[in-house]
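Please look over the sequence and the structure shown here, and keep both in view while reading the report that follows.

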Amino acid sequence: MRAGTELLVVERLLPQGDLVPSPAVAWDVHMLCNVGGSERTEDHYARLSAEAGFEATACHGLPLGGSLIHAVRGAGL
């Protein structure tokens, strides 16, 4: 991907705090037990994006507990 390429990720995010109630926590357990995966926090997606050469620039809430994460490819890779 060229520098400036935009990446959009639609995902259910885990809350940042341990005591924040969220349906994403139940989905996290479901994913772990059934497919070995896990839900992630917004910060975790920002770190994953950075490792792949993207900068997470925004996160917007969507209906039904979803989120839209916007990231842009940097010039370094």
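## Strands, a turn and one exposed glycine

G61 belongs to strand β2 (residues 54–61), where helices (H or I, at least four residues) and strands (E, at least two) are DSSP runs numbered from the N terminus. This is a predicted model, in which local features need pLDDT of at least 70 and side-chain atom pairs count only at pLDDT 80 or more, while totals for chains, interfaces and linings use all residues. Residues are numbered from 1 along each chain as its sequence is written, and side-chain values use heavy atoms, with hydrogens and water left out.

G61 is exposed, with a relative accessible area of 68%; here buried means under 20% relative accessible area, exposed over 50%, and partly exposed in between, using a 1.4 Å probe and protein chains only. When neighbours within four places in sequence are set aside, G61 is in contact with G66 and S67, contact meaning heavy atoms within 4.5 Å. The C-alpha atoms of G61 and V10 are separated by 9.7 Å, although these residues are 51 residues apart along the chain.

The chain has two helices and three strands, and their order along the sequence is β-α-α-β-β. Two strands pair if DSSP finds at least two bridges between them, and the table lists the pairings.

| Strands | Sense | Bridges |
|---|---|---|
| β1 (residues 6–12) and β3 | antiparallel | seven bridges |
| β2 and β3 | antiparallel | seven bridges |

Within these pairings, E6 stands opposite V72 in β3, and A58 has H70 in β3 as its bridge partner. Strands β2 and β3 form a hairpin with four residues between them, and L64 in the turn has a positive phi of about 65 degrees. Six of the eight residues of strand β3 (residues 66–73) are buried, so this strand is largely enclosed by the rest of the structure.

Over the chain as a whole, buried residues make up 19% of the 77 residues. Of the contacts with a separation of 6 or more, 52% are between residues 24 or more positions apart.

The predictor's confidence in each residue is given as pLDDT, from 0 to 100. The mean pLDDT of the chain is 85, and 84% of its residues reach 70 or more. Among the elements of the chain, β2 has the highest mean pLDDT (96), whereas helix α1 (residues 23–35) has the lowest (72).
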